[in-house]
Amino acid sequence: ARPTPPAGSLDRPALRPLNTPGDDANTEIGTPTKLVGNTPIGDISEKLQAKRNLNQHMGSISQLAPPTPLTGRKYLKSKEPGVTPVSTATQTVQRLQSLLSGRQAAPSPWLLQTISRVCESDPKIEERVRRLGEKFCAQYTQMTSNHPGTHIDFAQKRLQLAESLFYKLLENILKDEIKKPNFDCNTLLQHEMFHQTLFACCLEIVIYSYNSQQRTFPWVLTALGIEPYHFYKIIEVTVRAEDQLSRDMVKHMNLIEEQILEALAWRGDSPLWEAISASDQPIPSCEDVSLPGTLMEDNSTLTPLNNPAIRRIVLPGLSQSPGPSASERFHSPVTAAIAKKKLFIENTGGVCTVRPGQSLLHAKLKPPVVLGASEDAESKKMSNVIINPAALKEKQNKPNRPRRTGSLGLFFRKFYHVASVRMQELCNHLELRETELRRKIWTCFEHSIRDHTDLMLDRHLDQILMCAVYVMCKIEGLDKPFTEVMKCYRLQPQSASHVYRSVLLGSRDQAANNYTGKLTQETEDRCDIIKFYNSVYVLKMQNFVRKFAGGNAQNGSLTLSPLPVTRSVPMSPRRRVSDMHSVFIRPLTSSEPNAFPPSPTRPLSYCFSRSPAKDLKAINSMMREIDPQAMRRVGKRLLNDDNAEEDGLSPPKQPKFVASKIQDLVVDRLIAKSQDS
């Protein structure tokens, strides 16, 4: 048996390396292969080829319905009844034509009048579009090694749709920009990169609608010569400007944004490295670029300011604005930092609807439901909550803006957001529940980005995240093999085998400047992620990681970075209580008082504050009968109602994060009651 390494040791796992980024990069690590003794080699080759063809066929089928990324789920429309992946794929062109119904491939009179009014000189938009269209048609009809080329009529048809969409989006964007207090439409319309990225985004929408398998993203960027680092800036602007985009289209644009943030922007020839070098400041931390209220407070003490309702009461100056203008996204530094309403961000607690420019004090907040909390329990929990007026005043005096702004600050804000959501998801699957451990993992990851930025050069965000999770588990003495980390990573929607099968190990011809050095394909040496961890990651991070050993992080010798607030919105209102039991909870709407999921048998149901206690006992009895040996494990998950103590049942001990949430809700209720009185 393999001995468990002591806490604090940097155990280096061993695995056969894979030095080629070919087809084998898409096979799972540790997948067994059987070879029958009398099987001819020709039969084996035929079976392998048949398996490859099947995988390609299944891959093409899966592309009909794009996976739902971890971020951006709040802005997805609900699924339409009767819509299937096949019908969606066959109707995308009709949806696009319906979206552009009545539009021409030319600017509207309102757009021409607005441009002449706000621009000091003619931006020559139609000429820009004509040049981009010619470049697109030339690339679209060009013959390549994997595509015979397309007739010019097909290219012109797609170009016409893209031009119509371009002028429609440009008009919507200008209407939104004019409403903002410090808009600068003249600078925006004169910016060449803005027009290029917007036109490329329209082409990508059209190409995706036609389901062109040979011209998937980032083909359009290569065809027009646009860098992914610039293209990500227009994605949020586009989705916000056009609310009639289909659900799958929004998911597709979100996936593109994640692809850029996770890898494409970190390529050796990316302008990101030039922007980092040109900046007179170090790489920003997550705290530097985060908006107010998006970071957890010090987890050692409970603060009521974690509750958004209390924060609105004690900090009346905090308001929600529409976000950075389109011109600010393409310029750095930003003249005025704005607390932006992010496109791809999640939400928890109450559901707050805020219009652009509306104060949070006038927003309607639907309070969440507290399960099994009575008035007496609220009073007891309230006794442990102390509102410090000095802390509230200090919080109120803090500037309502990030420390670092500009296009580079916006990039790292989005980058840290994607990284934090994926890290929390990975920790959930690995059952790493302790907040302190997650803070250590996040601190380790943030240190690798800020002090060893070259680790991301031509690599992938998920590679660095998996290494950070594994190394902190080893420091803490947790038995989490790297294979288990990779197994949990594969549960994420964006996961891909090549991420851990083909990792850049290094270059035989390294440039002197890590930020501007370019690695060519001929000089690359690639391997699996475990060899990268042993040969590169540990050597760079070992001095920092060893600071966590021996309780150094607890005795004050090491400051942990604050965790970003993870706001997860499930795709379905139903939430599964446990993976071991088919027990679900969902909010009870007034329109569907008796709606339950279809079942071959009558499902057991319980409505809080409506159903009798015997219905809840029946559900708990069912869970006990399914696995009598797991009573201790199930006991912590049994549901309770307010009258549980009357029946002689003591409520189970709540986890720390649940108790913290309940305390925040208690404070919220008591403040509301005091105002009513």
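Guide: Lys124 sits in the loop between helix H3 (109-118) and helix H4 (125-140). Helices here are DSSP runs of H or I with at least four residues, strands are E runs of at least two, and both are numbered from the N terminus. This is a predicted model, where local features need pLDDT of at least 70, side-chain atom pairs count only at pLDDT 80 or more, and totals for chains, interfaces and linings use all residues. Residues are numbered from 1 along each chain as its sequence is written, and side-chain values use heavy atoms, leaving out hydrogens and water.

Visitor: What is the phi of Lys124?

Guide: Lys124 has a positive phi of about 55°, although this residue is not a glycine. Asn211 also is not a glycine and has a positive phi of about 55°. Asn211 lies in the loop between H7 and H8.

Visitor: Why does Asn211 count as partly exposed?

Guide: Its relative accessibility is 34%. Buried means under 20% relative accessible area, exposed means over 50%, and partly exposed is in between (1.4 Å probe, protein chains only). Asn211 is therefore partly exposed.

Visitor: Which peptide bond is cis?

Guide: The bond from Phe217 to Pro218 is cis, with omega near 15°. Pro218 is placed in the loop between helix H7 (192-209) and helix H8 (219-224).

Visitor: Why are H9 and H17 called roughly perpendicular?

Guide: Helix H9 (residues 228-241) and helix H17 (residues 406-429) pack at about 75°, with axes 11 Å apart. Axes are lines fitted to C-alpha atoms, for helices over the stretch in contact, and angles run from 0 to 180 degrees between N-to-C directions. Under 35 degrees counts as roughly parallel, over 145 as roughly antiparallel, 65 to 115 as roughly perpendicular, and the rest as oblique. H9 and H17 are therefore roughly perpendicular.

Visitor: Which residues of H9 and H17 meet?

Guide: Tyr229, Tyr232, Lys233 and Glu236 in H9 meet Ser407, Leu408, Leu410, Phe411 and Lys414 in H17. Contact means heavy atoms within 4.5 Å.

Visitor: What makes a nonpolar core?

Guide: Such a core is a set of buried Ala, Val, Leu, Ile, Met, Phe, Trp, Tyr and Cys residues joined through side-chain atoms within 4.5 Å. The largest has 131 residues. Phe231, Phe412, Phe445 and Tyr537 have the most contacts inside it. Apart from it lies another core of five residues, among them Val583, Tyr606, Ile619 and Met623.

Visitor: What does Phe231 touch?

Guide: Among its contacts are Thr197, Ala200, Phe217 and Ile260, not counting residues up to four places away in sequence.
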